[in-house]
There are 4 protein chains.
Amino acid sequence: MNVGFIGVGRMGTGMAANLLKAQHQVTVWNRTPEKAAPLIAQGAKTVPTVSEVCRGEAVVTMLANDEAVESVALGADGIVASLPAGALHVSSSTISVALSKRLADAHAKAGQRFVAAPVFGRPDAAAAGKLFVIAAGEAGAIEAATPILDAIGQKTFVVSDRPDAANLVKLSGNFLLASVIESLGEAFALVAKAGIDQHQYLEVMTSTLFDAPVYRNYGAMIANGRFEPAGFAAPLGQKDIRLALAAAEDLRVPMPLASLLRDRFLTLVARGGEHLDWSAIGKLPAMDAGLGASTRL
Amino acid sequence: MNVGFIGVGRMGTGMAANLLKAQHQVTVWNRTPEKAAPLIAQGAKTVPTVSEVCRGEAVVTMLANDEAVESVALGADGIVASLPAGALHVSSSTISVALSKRLADAHAKAGQRFVAAPVFGRPDAAAAGKLFVIAAGEAGAIEAATPILDAIGQKTFVVSDRPDAANLVKLSGNFLLASVIESLGEAFALVAKAGIDQHQYLEVMTSTLFDAPVYRNYGAMIANGRFEPAGFAAPLGQKDIRLALAAAEDLRVPMPLASLLRDRFLTLVARGGEHLDWSAIGKLPAMDAGLGASTRL
Amino acid sequence: MNVGFIGVGRMGTGMAANLLKAQHQVTVWNRTPEKAAPLIAQGAKTVPTVSEVCRGEAVVTMLANDEAVESVALGADGIVASLPAGALHVSSSTISVALSKRLADAHAKAGQRFVAAPVFGRPDAAAAGKLFVIAAGEAGAIEAATPILDAIGQKTFVVSDRPDAANLVKLSGNFLLASVIESLGEAFALVAKAGIDQHQYLEVMTSTLFDAPVYRNYGAMIANGRFEPAGFAAPLGQKDIRLALAAAEDLRVPMPLASLLRDRFLTLVARGGEHLDWSAIGKLPAMDAGLGASTRL
Amino acid sequence: MNVGFIGVGRMGTGMAANLLKAQHQVTVWNRTPEKAAPLIAQGAKTVPTVSEVCRGEAVVTMLANDEAVESVALGADGIVASLPAGALHVSSSTISVALSKRLADAHAKAGQRFVAAPVFGRPDAAAAGKLFVIAAGEAGAIEAATPILDAIGQKTFVVSDRPDAANLVKLSGNFLLASVIESLGEAFALVAKAGIDQHQYLEVMTSTLFDAPVYRNYGAMIANGRFEPAGFAAPLGQKDIRLALAAAEDLRVPMPLASLLRDRFLTLVARGGEHLDWSAIGKLPAMDAGLGASTRL
């Protein structure tokens with residue numbers, strides 16, 4: 001397929017590279033054009049405008065937030081304005097349910113196809129084509145997107161014919177991850193203040209009830225107190241909890257644990273932790289318990 | 001070894017049977033003597049008093065709560081009063097940190113050995129000798145307990161030379177489990193109200209980020225709305241969160257997620273859910289969201 | 001002064017009437033023109049467009065929410081487009097801090113004056129000219145607004161030269177009120193389940209520590225379980241907590257009690273309480289405690 | 001009446017002095033006998049044992065916590081063991097509902113009368129005889145206690161014939177007070193971070209919606225950041241929230257705001273605030289918002 005790709009940050013670069021490996025023709029547009037260099041070396045073309053990246057059968061977007069997606073998709077000379085009728089937009093960014101609905105509506109009006117296909121996985125999984133893809137959209141659009149989704153992920157889950165459902169599932173997944181961090185943070189504060197070795201504690205827990213990478217990885221970060229470099233920065237985690245809560249508010253679903261996480265992220269960034277990995281909220285329970293530096297009133 | 005065993009409920013029966021299989025001589029005392037019948041068939045003896053079950057090298061207790069343990073251990077003609085000097089008490093019940101400290105003190109004064117050895121695992125794991133044992137106590141006591149611990153579990157983790165540390169680790173583990181239930185309950189309420197199929201959602205999550213039995217099992221219970229029969233009853237879960245919070249209060253560790261869980265269990269039992277599995281707290285977010293019967297104001 | 005007035009609902013009608021009593025010339029515009037009838041009987045004029053209501057020295061807006069204010073103020077032929085240079089916009093609606101900032105910027109660019117002047121008080125206080133006015137804006141604008149503010153309120157508090165500060169103070173006040181409701185709701189659930197008479201309890205509390213109308217009034221509503229007719233409807237309370245939390249998020253201020261209130265309002269509207277007074281969140285603690293109808297699982 | 005008085009701290013001294021002024025004969029026992037000196041100067045007698053202070057028609061206890069009351073009331077040679085049949089125990093301490101029930105049972109078995117009569121008011125109100133008394137007990141016991149209650153308070157509210165109901169009402173009152181502190185703390189953090197003057201903000205709020213001493217006094221302490229000397233020390237506030245939550249747990253009443261307060265007090269004492277007034281929890285929201293010293297991660 002002839003595929004445009006918008007947004008070649010750490011995730012997008014790996015995804016686009018896998019499209020190339022799968023023999024798709026890939027044209028890239030990025031706000032900072034220099035970032036496209038590694039992909040050009042692998043055979044991608046680059047174009048100077050969003051409009052020009054929309055001339056193929058499909059365009060994939062992988063951007064940081066709602067504002068970026070809204071700007072390239074709904075602005076003048078954006079994707080909706082440029083994509084041929086019948087062509088496909090695959091939106092892999094983690095965006096709000098509300099924006100996903102707006103995109104679906106706009107593409108429908110323009111006679112274009114739209115699939116929301118956010119992914120689970122970090123940059124290394126993107127590079128390896130090992131992402132999990134959560135996809136939603138009309139059957140025909142999903143079918144059209146399949147060669148793309150197969151190239152970027154190890155497995156695709158189609159969760160609904162309404163695209164925004166995929167975005168909600170993605171946001172709920174990040175809520176579940178942040179919940180793991182919070183629970184570990186509180187448990188570590190408890191056992192640490194009792195004098196129990198945190199690394200041994202982590203070993204016990206992840207050898208028994210919680211034998212899963214998410215517990216091992218976040219647990220190690222909290223036990224080591226090392227939140228740099230940020231694999232997934234605190235403001236991004238904060239954003240995702242905000243979007244989950246916004247969707248929950250629209251659906252009228254109270255989520256007190258998500259509210260707690262919201263307050264944790266606010267505390268983290270208010271107290272200077274904006275540059276840290278989002279798992280640094282797992283340090284706050286220990287600080288509230290008076291452990292560590294900078295905790296005396 | 002010549003081992004006394006107090007408390008042959010669903011967990012204790014399996015544990016005592018494995019002691020028999022490992023060629024230990026086992027003498028049983030149970031408040032309801034009839035429950036010892038299956039063990040007698042396997043070669044155990046039974047005696048009519050706590051005092052008499054304490055005449056061997058060691059006694060193991062596996063009881064429901066602090067009150068039961070306090071009664072058999074610290075009462076007149078109880079374990080502390082009856083056990084020979086140098087003999088060993090292995091306490092596998094999930095009890096409070098405070099009671100574990102009292103037991104350690106009492107045994108030390110009486111010249112006896114004490115190991116706290118709570119376990120992770122359900123009755124089927126107890127029967128199969130597949131429990132994980134969290135043990136703590138003085139090195140000599142741990143050494144003496146090793147043949148017993150090896151018989152009842154697949155692996156023993158020694159976490160401290162202070163016995164109560166093992167109880168704290170056990171309680172923290174149940175806190176982590178209940179946190180999983182709460183997070184799943186909120187996530188399910190969110191996606192269910194958006195019209196997403198809960199079973200498919202669970203499949204997505206447990207095939208990707210949360211590939212662990214705890215997510216599969218509790219997720220299935222919440223998705224099915226089936227909380228009977230109770231594998232671990234709500235009041236027991238409520239008790240363990242209470243004990244975790246009590247330990248946290250003594251240590252001055254605020255745990256807001258544990259506080260939320262406490263309120264969930266109170267709501268569950270206040271609204272008639274006392275007979276349900278503890279994972280039924282995972283149903284409350286959906287009810288607060290107006291899903292299901294009996295939710296209109 | 002020659003004053004335009006936009007929004008003559010229950011609050012605005014009383015406020016405009018007091019402007020008339022203070023000998024101001026009042027021209028009214030309302031989306032539903034019939035609502036202006038009582039004011040016309042008192043000497044007001046009515047005009048068919050927003051543009052025409054903006055031809056005097058000042059215009060006052062008293063509308064339900066951000067959308068309504070944004071529409072009349074920032075739309076084509078709206079207030080900013082229509083008001084003469086140097087003329088004044090007094091915004092008394094309870095709107096977001098963010099919109100207040102946008103209005104201030106737009107008026108500044110257009111060479112107009114802007115005062116945010118939200119009020120504390122219910123419709124009866126508005127009719128009696130007994131509102132409390134929280135005002136903010138540049139000194140010259142405040143001075144120009146003083147005859148208007150004096151007419152509608154018993155006292156004006158000038159809190160800042162930045163208009164949005166007044167909106168934040170107003171939102172914080174509604175947060176404090178909702179906190180009173182939550183605390184009373186929990187206290188009533190506690191004593192009611194212990195069999196203590198709720199009315200006597202209220203009498204004790206409001207005769208001693210909490211001798212203030214807010215405790216008497218909301219306490220009586222909760223004790224009586226009567227939340228209709230709604231003096232201040234649940235969705236409006238929900239909106240104000242949402243706006244307070246939005247402002248707090250922009251300022252990076254975690255507010256866990258506000259988060260709890262947010263979840264209470266979501267529960268209330270999710271379970272069918274949209275038509276009730278906002279104090280109906282004070283009924284939820286008793287329901288969670290298993291008191292009353294419709295509370296069994 | 002011939003009245004024994006146990007516990008002449010800051011509250012008890014004022015209460016006992018008012019008994020003397022009302023022409024009662026007062027005999028004092030205090031763990032630290034020197035504290036009785038001012039009362040002896042006013043005409044009180046002192047005795048060396050609890051037993052001897054129980055030889056009159058009534059004994060009043062005003063002690064710091066459950067442990068102190070349990071020790072003097074239920075211990076060997078304590079009040080229950082010493083008081084004549086038909087004589088009266090008036091318990092004014094802020095104690096748990098559970099202990100109040102135990103005392104009521106013990107006195108009933110011993111043929112003695114028991115009234116729980118906790119008070120609202122600070123030491124200055126105690127000295128002035130201006131306390132509010134929350135009383136509960138059987139009609140005959142209340143009648144017998146009336147001359148005592150009239151002497152120590154400005155008004156008595158009889159809330160139940162079960163003594164423990166008075167203790168629950170008292171605890172609920174302190175919960176309501178702490179809720180005021182929390183709500184003010186969050187509101188102050190919000191407006192302070194927006195650059196609004198906190199003293200002016202307090203003036204606005206207490207001149208309008210919250211014209212009550214509790215808002216003025218706690219608001220001023222938070223605005224000034226002055227929590228010393230402690231009028232009511234943090235550990236006492238922490239204790240009362242603990243007792244309220246314990247009563248709520250026994251009654252199966254979830255109280256999420258009380259849970260939040262519990263965590264606030266734990267944070268306060270964990271971070272070195274044990275010596276501060278309990279209103280210092282109102283400082284924590286600002287710290288979580290990154291305001292003030294010692295708040296950087």
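Helices are runs of at least four residues assigned H or I by DSSP, and they are numbered from the N terminus. In this predicted model, one such element is helix α6 of chain C, which spans residues 97–109 and holds C:D105. Another residue of the chain, C:S259, lies 154 residues from C:D105 along the sequence, and the C-alpha atoms of the two are 30 Å apart.

The largest nonpolar core contains 475 residues, and the members that touch the most others are A:A135, B:A135, C:A135 and D:A135. Taking chain B as the example, and leaving aside residues up to four places away in sequence, B:A135 touches B:V115, B:A117, B:I142, B:A145 and B:L149, together with B:T156, B:F157, B:V158 and B:A166.

Helix packing can be followed in chain A. Two packed helices are described by the angle between their axes and the distance between the axes. For helix α9 (residues 163–193) and helix α13 (residues 256–270) of chain A, the axes come within 10 Å and cross at roughly 70°. Angles of 65 to 115 degrees count as roughly perpendicular, and α9(A) and α13(A) are therefore described in that way. On the α9(A) side, the contact is made by A:F175, A:A178, A:S179 and A:E182; these meet A:L257, A:A258, A:L260, A:L261 and A:R264 of α13(A). By class, the residues of this contact are six nonpolar, one polar and two charged.

Chain B is superposed on chain A by a rotation of 180° with 0.0 Å of shift along the axis, giving an RMSD of 0.0 Å. The two copies are thus related as by a two-fold rotation axis. In chain B, the C-alpha nearest this axis belongs to B:A212, at 3.1 Å.

Where these chains meet, 49 residues of chain B are in contact with 49 residues of chain A. The most comes from α9(B), with 17 residues. The side of chain B that touches chain A is made up of 35 nonpolar, eight polar and six charged residues. Finally, 100% of the interface residues of chain B are also interface residues in chain A, so the copies meet through the same surface.

How values were computed. Residues are numbered from 1 along each chain as its sequence is written. Chains are lettered from A and ligands numbered from 1 in the order in which they are written. This is a predicted model: local features need pLDDT of at least 70, side-chain atom pairs count only at pLDDT 80 or more; totals for chains, interfaces and linings use all residues. Copies are superposed by least squares on the C-alpha atoms of residues with pLDDT of at least 70 in both. Two residues are in contact if their C-beta atoms, placed from the backbone, lie within 7 Å. A nonpolar core is a set of buried Ala, Val, Leu, Ile, Met, Phe, Trp, Tyr and Cys residues joined through C-beta atoms within 7 Å. A residue is buried if 20 or more other C-beta atoms lie within 10 Å of its own, exposed if 12 or fewer, and partly exposed in between; C-beta atoms are placed from the backbone. Helices (H or I, at least four residues) and strands (E, at least two) are DSSP runs, numbered from the N terminus. Axes are lines fitted to C-alpha atoms, for helices over the stretch in contact, and angles run from 0 to 180 degrees between N-to-C directions. Angles under 35 degrees count as roughly parallel, over 145 as roughly antiparallel, 65 to 115 as roughly perpendicular and the rest as oblique. Ala, Val, Leu, Ile, Met, Phe, Trp, Tyr, Cys and Pro count as nonpolar, Asp, Glu, Lys and Arg as charged, and the others, Gly among them, as polar.
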